[in-house]
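Here's a quick briefing for anyone meeting this structure for the first time. Take a look at the model, then walk through the helices and a few loop residues below.

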Amino acid sequence: MKHLLSPENDEVLAQLAWSRVLLAFDFDGTLAPIVADRDAARMRARTSELFIKVCSLYPCAVISGRSQSDVSARLGAAAVKYVVGNHGLEPGASLDEFEAEIAEARASLERTLAGTAGIDVEDKRYSLALHYRRSRNKRQARSTILAAVTALPVQMRVVTGKLVVNVVPERAPNKGDALLELRKAEQADTALYLGDDVTDEDVFELDQPGRLLTVRVGESRSSAAAYFLRDQNETDRLLAKLISLREKRTAA
Ligand SMILES: [Mg+2]
C-alpha cells in the first residue's frame with residue numbers, strides 16, 4: 001500500500017483530475033467519523049464544505065452500507081450524482097425478493113439472539129446490520145451472531161465490519177458491482193474509490209489498474225487497496241487537492 005498524498009504520487013492525482021473520472025466514496029469512517037450512536041453520524045463541517053465543492057466539479061457517488069434514504073439524508077447540500085445504499089444493492093433489481101428474504105432472516109435472528117445482551121438488529125429493508133458495539137463481551141457477541149447467521153434457513157452473504165456483522169442476500173450486487181455499473185453509466189474512463197471497511201474490499205479487489213484507483217482510509221496489510229490515507233484529516237486534504245487540480249485544469 002502506498003501513501004496517496006506523498007509527493008511521488010502527485011502525478012497520479014493530477015492525471016485523475018484531468019481525466020473523465022467518477023469519484024466514489026463510502027460514508028461512515030470515510031466522509032464521516034464513526035460514532036457510537038450511528039444515528040448521529042455526519043460529516044465534519046470542513047469535510048462537508050470540501051465535498052460540496054468536489055461534487056460541483058466532478059461526477060460523484062456515495063456507496064454506503066446504510067439504506068439509500070438514510071445516507072442521502074446525511075449528504076447535506078452536496079449535489080451527489082449517484083447515491084447507492086445497502087452495500088451496493090439499492091437501487092437495483094430484485095428488491096422485492098431481497099426484502100422478503102431479509103424479513104424472514106430478521107424474524108429468525110431476533111428469536112435466536114433474544115437472549116444475548118448488547119446486540120442491536122438494524123433492519124435496512126434489503127439487508128440487516130447486527131451491531132454489537134454495546135456488548136460487554138464483543139468477541140463472544142460476534143461469534144454468537146455468526147453462528148446464528150450460519151444457521152439461517154436461507155443462505156446469506158455475511159460481511160463483517162467495525163463492531164457489526166452485515167447480512168446481505170446472497171445474490172445481491174456488492175459495492176464492487178455498483179462501482180462498475182456507475183462508471184459505465186457515467187461513461188467514465190476511470191474511477192477513484194475511497195473506503196475504510198471490509199465491505200469496501202469488494203471494490204478494492206477489482207484490481208483494474210488505470211481504470212480504478214483504490215484508496216483506504218487507514219493503512220492495512222490485509223486490504224487489497226492500492227493506496228491509503230492515514231485518517232480523515234487526510235480525506236479532507238485529498239478533497240482539497242482534487243478541487244485545486246480540477247480548478248487548474250479549468251483555468252488552463
Ligand atoms: Mg465505512
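The buried residues of H8 pack against helix H1 (10–17), H2, strand E9 (190–195), strand E10 (212–217) and strand E11 (227–229). Here, helices (H or I, at least four residues) and strands (E, at least two) are DSSP runs, numbered from the N terminus. A residue is buried if 20 or more other C-beta atoms lie within 10 Å of its own, exposed if 12 or fewer, and partly exposed in between, with C-beta atoms placed from the backbone. Two residues are in contact if their C-beta atoms, again placed from the backbone, lie within 7 Å.

This is a predicted model, so local features need pLDDT of at least 70 and side-chain atom pairs count only at pLDDT 80 or more, while totals for chains, interfaces and linings use all residues. Residues are numbered from 1 along each chain as its sequence is written.

**Helix H8**

- The 20 residues of H8 should span 28 Å at 1.5 Å a residue, and the end C-alpha atoms are 29 Å apart, which agrees. The expected span is 1.5 Å times one less than the number of residues in the helix.
- Gln 232, Thr 235, Leu 238, Leu 239 and Leu 242 are the buried residues to look for in H8. They cover an arc of only 100° around the axis, which puts them on the same side of H8. The arc is taken from the directions that run from the helix axis to the C-beta atoms.

**Helix H2**

- H2 has 13 residues, which should span 18 Å at 1.5 Å a residue; with its end C-alpha atoms 19 Å apart, that agrees.
- Thr 47, Leu 50, Phe 51 and Val 54 are buried in H2. Seen down the axis of H2, these buried residues fall within an arc of 105°, so they line one face of the helix.
- Ala 45 and Ser 56 are exposed, on the face of H2 turned away from its buried side.
- Strand E2 (21–25), strand E3 (60–63) and H8 are what the buried residues of H2 pack against.

**Where H2 meets H8**

- The axes of H2 (residues 45–57) and H8 (residues 232–251) come within 9 Å and cross at roughly 30°. Axes are lines fitted to C-alpha atoms, for helices over the stretch in contact, and angles run from 0 to 180 degrees between N-to-C directions.
- The crossing of H2 and H8 is left-handed, meaning the near helix is turned anticlockwise from the far one by less than a right angle (clockwise would be right-handed).
- On the H2 side, the contact is made by Arg 46, Thr 47, Leu 50, Phe 51, Lys 53, Val 54 and Leu 57. On the H8 side, Thr 235, Asp 236, Leu 239, Ala 240, Leu 242, Ile 243 and Arg 246 take part.

**Helix H4**

- H4 (residues 95–113) has 19 residues and reaches 26 Å from its first C-alpha to its last, close to the 27 Å expected.
- Phe 98, Glu 101, Ile 102, Ala 105, Leu 109 and Leu 113 are buried in H4. Down the axis of H4, the buried residues fall within an arc of 100°, so they line one face of the helix.
- Asp 96, Ala 100, Ala 107 and Arg 111 are exposed, on the face of H4 turned away from its buried side.
- The buried residues of H4 pack against strands E5 (120–123), E6 (128–131), E7 (156–161) and E8 (164–169), plus helix H5 (138–150).

- Most residues other than glycine have a negative phi, and most peptide bonds are trans.
- Leu 163 is not a glycine, yet has a positive phi of about 60°. Look for Leu 163 in the loop between E7 and E8, where it is partly exposed, with 16 other C-beta atoms within 10 Å.
- Gln 187 also has a positive phi, of about 50°, although it is not a glycine. Gln 187 sits in the loop between helix H6 (175–185) and E9, and is exposed, with 9 other C-beta atoms within 10 Å.
- The peptide bond from Glu 90 to Pro 91 is cis, with omega near 5°. Pro 91 is in the loop between strand E4 (82–84) and H4.
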